[in-house]
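Subject: Structure handover and notes

Hello,

Please find the structure below, followed by notes on what was found in it. They may be of use when you set up your own work.

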Amino acid sequence: RMLKDARSEAFVKNFAGQWLQLRDVEGLYRDNTNFPNFNGRLTKDMRTETEMLISHLIQNNLPVSNLLDADYTFINQRLATHYGIPDVQGDMFRQVSLISTPRRGILNHGSFLSLSSYPNRTSPVLRGKYILENILDTPPPPPPPNIPQLTGADGHGEETSLREQMEKHRDDPACSSCHALMDPIGFGLENYDATGAWRDCENGRPISAAGTLVTGQSFTTAEQLRDTIARDHRTEFHRALASKMLTYALGRGLDWYDRPTVDQIVLKAGGDEIRFISLVQAIIDSVPFQYRR
């Protein structure tokens with residue numbers, strides 16, 4: 001009953017702001033030379049899109065996995081133009097079908113794609129790290145000290161692709177093990193630029209989104225990567241969402257002794273088919289929430 005009340009929008013804003021870092025979206029900036037249309041109004045629209053999708057799933061008690069593969073979103077004309085989606089007029093947000101487009105779920109939202117990029121270029125490392133930490137609950141280990149930053153594209157020649165630069169960066173054995181976790185995921189999203197707009201080429205070369213996850217699944221497009229995560233890693237996503245929501249509910253970070261509680265929450269909420277309201281109820285019924293001081 002409380003979740004269906006209009007005042008639950010505060011939960012959506014605060015939880016999504018903490019979990020998906022949406023509170024940082026409106027403070028992003030981009031190189032005006034390469035991204036002249038990126039501004040505060042657009043970033044506000046990006047945050048609104050993600051919040052409205054989450055709110056829609058909560059209000060209708062839909063499966064949480066729809067966050068990864070929903071074939072619709074909520075956009076206005078400004079965001080639709082940025083995405084290349086036709087026939088959306090006006091500033092008002094409305095539900096729009098994404099069928100026959102390369103976008104589905106929050107991994108194709110401008111909010112996530114912009115948050116996980118640098119001001120002047122994309123970052124497969126940041127995108128891969130973001131998904132591992134926030135979507136799959138498998139954060140990579142911290143980088144070793146004294147590892148040099150990747151130099152800009154201009155330093156390698158105008159026609160050098162980011163993938164080629166990263167392959168040189170991974171030649172260092174100290175880097176290769178962690179990058180094997182993050183880079184394939186990030187490169188699978190390279191068709192989306194640093195503002196989330198679709199592109200087919202980089203520096204005049206066709207972009208390759210192909211990769212192989214450390215778990216063995218291969219893909220050649222961003223759509224296949226998304227489907228692989230939504231289909232084969234749903235358990236990890238459920239656990240990640242349960243962990244992030246329990247962290248929000250308790251107001252503290254989770255520790256090793258909270259892992260059994262997270263397992264129980266996922267099981268009680270539905271296991272393979274979790275809905276938002278069931279997840280919230282399972283967290284409320286958990287021992288750490290009931291007995292928190």
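Which residues line the largest cavity? In this predicted model, the lining consists of Leu20, Leu22, Thr50, Ile106, Leu107, Ser111, Phe112, Tyr130 and Ile135. By class that is 7 nonpolar and 2 polar residues, with no charged ones. The volume of this cavity is about 50 Å³, and the count of cavities of 30 Å³ or more comes to 1.

Overall make-up

The protein has 13 helices and 6 strands. Of its 293 residues, 49% are buried. Taking contacts between residues at least 6 apart in sequence, 65% join residues at least 24 apart.

The largest pocket

The largest pocket holds about 550 Å³ of space. Its lining is made of 19 residues, and Met2, Leu3, Phe11, Val280 and Ile284 lie nearest the centre. Helix H1 (9-19), helix H10 (234-250) and helix H12 (276-285) are the elements that each give two or more residues to this lining. H12 gives the most, with 5 residues. By class, the pocket lining divides into 12 nonpolar, 2 polar and 5 charged residues.

The nonpolar core

In soluble globular proteins, nonpolar side chains tend to be buried together. Here the largest nonpolar core has 72 residues. Those with the most contacts inside the core are Leu67, Ile131, Ile135, Leu241, Met245, Phe276 and Leu279. H10 gives the most to this core, with 7 residues.

Leaving out residues up to four places away in sequence, Leu67 touches Trp19, Leu53, Ile54, Leu57, Gly105, Ile106, Phe237 and Phe276.

Helix H1

Which residues of H1 are buried? They are Phe11, Val12, Phe15, Ala16, Gly17 and Trp19. Phe11 is also among the residues nearest the centre of the largest pocket. The cover over the buried residues of H1 includes helix H2 (40-59), helix H3 (66-69), helix H6 (124-134) and H10. After H1 comes Gln21, which has a positive phi, near 60°.

Asn108 sits in the loop between strand S2 (94-97) and helix H5 (110-115). Is Asn108 buried or exposed? Its relative accessibility is 2%, so Asn108 counts as buried. The side chain of Asn108 reaches the backbone nitrogen of Arg104 at 2.9 Å. Apart from neighbours within four places in sequence, Asn108 is in contact with Tyr83, Pro102, Arg103, Leu113, Leu189, Tyr192 and Arg226.

Gln217 lies in the loop between strand S5 (211-212) and strand S6 (218-219). With a relative accessibility of 18%, Gln217 falls under the 20% cut-off and therefore counts as buried. Its side chain makes a polar contact with the side chain of His233, at 3.3 Å. Not counting residues up to four places away in sequence, Gln217 touches Gly211, Thr212, Thr228, Asp232 and His233.

Regards

Terms used
Residues are numbered from 1 along each chain as its sequence is written. This is a predicted model: local features need pLDDT of at least 70, side-chain atom pairs count only at pLDDT 80 or more; totals for chains, interfaces and linings use all residues. Side-chain values use heavy atoms; hydrogens and water are left out. Helices (H or I, at least four residues) and strands (E, at least two) are DSSP runs, numbered from the N terminus. Buried means under 20% relative accessible area, exposed over 50%, partly exposed in between (1.4 Å probe, protein chains only). A polar contact is a pair of N or O atoms within 3.5 Å; within protein, one must be able to donate a hydrogen and the other to accept it, and residues adjacent in sequence count only if both atoms are side-chain atoms. Contact means heavy atoms within 4.5 Å. On a 1 Å grid over the protein atoms alone, a cavity is a set of points where a 1.4 Å probe fits but cannot get out, and a pocket is an open set with protein on both sides within 12 Å along at least five of seven lines; lining residues have an atom within 4 Å of a point. Grid points are joined across faces, edges and corners, and a volume is the space filled by probe spheres set on the points. Ala, Val, Leu, Ile, Met, Phe, Trp, Tyr, Cys and Pro count as nonpolar, Asp, Glu, Lys and Arg as charged, and the others, Gly among them, as polar. A nonpolar core is a set of buried Ala, Val, Leu, Ile, Met, Phe, Trp, Tyr and Cys residues joined through side-chain atoms within 4.5 Å.
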